[in-house]
Amino acid sequence: MIETKVVTPTRAQESTNAIERLYITMRHLLNRGFYKPSGVSGNALRNALLLLRPEIYGTIAEEKAELNGLMYVLERLPEGIEQCRYINLTSDEGFSKSHLTPIIPPKRRRNCYRIDEEQMNIEITRGRSDIYDILTHLTFLFVESDKICERVFIEESQTTIRDWTKLEEFILKDEKEDNEREVALIHTANILGRTFEEMTEMHQKLAKKDKTDRFLNIVYWLGKLALEERTTGNKRAITFSPLLRESLGHHIHGERWAQTIKTAMYENGLFGRPLHIISANMHSVMNSLFAKVALHKEFPDKSNLEIFETLSSSENGDLRKKVEDHASKNGMSFIDDTSGANIDVQLFDVAKFGMGACCYEFGHGTDDETKPLIFVMDYAFGEQAYETIDELLKPFKLDGKRHFLNVESISIMGKAGILEGGKGDLMIPSAHIFEGTADNYPFKNELCGEDFKGNGLNVMEGTMVTVLGTSLQNRDILKFFNESTWNVIGLEMEGVHYQKAIQSASKIRNSIKRDVKVRYAYYASDNPLETGSTLASGGLGTTGVKPTYLITDKILKQIFSS
C-alpha cells in the first residue's frame, strides 16, 4: 500500500495565500459598498493580516501594542481618524468647493475631510492601490484598537480597569500639569503592555505645538470606540461612495492629467521635439541641472553632493528658491496638477538654457528643433503608474488629427526595499515580476551596475518584484523571493505598471518608437528582511541624497550624450 504524504504548506505559501485573501476580500467589499470592521468581512481582513504578520507592523500579532507600526500608519492616515466611527472612501466629489478644510497626511498625498465629529471622508484619485493601502492601514488600527479594549474591559462586571479610568480622567481635564501627564503615561504603559520610557518617546514623537497630548488622545480614542462597540453595539463602518465604485478603472484622473500636459505642450509648439520622460521627485533633476551654477557665490568650493545635502535641509528654503528662480529663467516651466492625480510636472526646454546656465554639456546641434525636452513627473502610486503613463503616451487628438509625442527615452527613478544590503544602496533591474502571478516583464535597461561602481554604494542587479502593497510583505515571502531562481533583489510598487504602459505604447499601439530607451534604477529606502530597517523605522534622511543624485546624474548624462 502506497503511503500518501501530507504536504504542509510553508510559511511563505501561507503568507502568499493570506495576501491573496486580503485583496480578494478588499475587492469584494469595494463592490459591496460597505463593511463593518467587527463584522464577518472585517474579521476576514483582520485574520488574514494577523496570519501574514507583515514586517512593517512588527508585533501586531502579540498582546502588546505595536508602536513603530502605529507611527507608520498615523503618518499615512488623516489626523483625527482614530476619533471617527464612520469612514467614507469617495472619488473627487467636489468637497474642495465646500467650507471643509482638507487634511493631507504627511506621507500620502490624498485629500481627507472631517465631515463631523464621527465621520471622515477620504478622496481616492489614484486608483485601487490607494484603496488597498488605506484598508490595510485601517485594519492595523482596528487590531490595535481591539487590543486596548481586551486589556481594559472586564467582561464579568462590564467595567474597565483602573488604568483606563485614570487615563480618561486625564484626557477629559481642561488644565493638565506635567506631573499628571507623567502619571497618565504610566497608566497608558500598562494598558499597552509597553514601558514608561517607550511611552515618553512616543509622546514626544507625536506631540504638536497645539496638541501636546496627541499620543494619549490617540490611545484613548482607539480604546473608546472599541469599548463602545462592545458595550453599546454602536459599530464602526467603512463605506465606499457609489461614484467611487463607478469611476474606478476608467483613468478619469489620469486622462485629465495627461490632457492638461499635452495641451500645454501643443500650445507651446513642443510636440515634435525629442522628449525624455523622467519619473522622479520635484527637486533632483532641477538641482542637478542648475544648483552648482545658481549657488556659485554661496558655495564656490563645495562639491555637488555637499550642495545637494544643504538643499535637502528644511531650513534652506531661500537657497532652494534661488535655484528654482534660476531654473525658471532658463527654460523650466511647472505644471501644477489640478486633475486630482496629485502628480506635478516640470518641463525643461534645453533650447532655452542660457549660456553657462546649466551644469552639463550636451552634444546636440545648434538647431533648437533637435534640442531635447526633459519632462519630469512626480512619483505615481502603485497602479496609478499605468494609468498616467498609458494616458500620456497616447496621441493627442485635436481638430480630427492625431499628434504624436516624440518620446526618445523613459527613465524611472524610485525608492524600493532591498533584500541584500542597506538603506541608500542601489538596485538596477533587468526585469519586473508581478507579485502573486507569473506575469514577468524583461526589458533592456540602458543603465547597468557598472555605471555606478566606485561611488561607495553597493549595487545589485537582477529582478525587481512589483508588490500589491509594501506594507503587506513579511520575512518569509521576501526570503522566498530572494532565494528562489527569480533572482529578486528588491521590491517596489510601480515597475510592472510603468512597463506595461511602455510596452503597449511601443510594441502594440505604435504611439511611440519601438526602440524607445528605458532606464530603471532604485535606491534602498529600507531592508524589510533586517530587524529595525523596515519603512516603519523612519526615513532615509541625508542617506538618500547621494543615491538620488547619482542616479539623476547618470540619467542626465545619457540624455545629453544621445
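User: Which residues in H11 meet residues in H12?
Analyst: From H11, Asn287, Ser288, Ala291 and Lys292 are in contact with Asn304, Ile307, Phe308 and Leu311 of H12, where contact means heavy atoms within 4.5 Å. By class, this contact has 4 nonpolar, 3 polar and 1 charged residues, with Ala, Val, Leu, Ile, Met, Phe, Trp, Tyr, Cys and Pro counted as nonpolar, Asp, Glu, Lys and Arg as charged, and the others, Gly among them, as polar.

User: What should I know about the source of all this?
Analyst: This is a predicted model, in which local features need pLDDT of at least 70 and side-chain atom pairs count only at pLDDT 80 or more, while totals for chains, interfaces and linings use all residues. Residues are numbered from 1 along each chain as its sequence is written, and side-chain values use heavy atoms, with hydrogens and water left out.

User: At roughly what angle do the axes of H11 and H12 cross?
Analyst: The axes of H11 (residues 284–294) and H12 (residues 304–312) come within 10 Å and cross at roughly 105 degrees; axes are lines fitted to C-alpha atoms, for helices over the stretch in contact, and angles run from 0 to 180 degrees between N-to-C directions. That makes H11 roughly perpendicular to H12, a label for angles of 65 to 115 degrees. Helices (H or I, at least four residues) and strands (E, at least two) are DSSP runs, numbered from the N terminus.

User: New topic: in what order do the strands of the sheet come?
Analyst: The open sheet has 5 strands in the order S1-S7-S2-S4-S3, with mixed pairing, and two strands pair if DSSP finds at least two bridges between them. At the edges are S1 (34–35) and S3 (112–114), each of which pairs on one side only. S3 pairs with S4 (residues 119–123) in the antiparallel sense over 3 bridges, and Arg114 has Met120 in S4 as its bridge partner.

User: Which strands does H4 touch?
Analyst: H4 packs on the sheet and touches S1, S2 (86–90), S4 and S7 (237–240), and its direction makes about 175 degrees with that of S7.

User: And how many cavities are there?
Analyst: The search of the whole structure finds 7 cavities of 30 Å³ or more. On a 1 Å grid over the protein atoms alone, a cavity is a set of points where a 1.4 Å probe fits but cannot get out, and lining residues have an atom within 4 Å of a point.

User: What lines the largest one?
Analyst: Its lining includes Ile81, Phe142, Trp221 and Arg236, and the largest share, 4 residues, comes from H4.

Methods. 1 Å grid on protein atoms, 1.4 Å probe; cavity = no way out; pocket = protein on both sides within 12 Å on 5 of 7 lines; lining within 4 Å. Points joined across faces, edges and corners; volume = space filled by probe spheres on them. Parallel < 35°, antiparallel > 145°, perpendicular 65-115°, else oblique.
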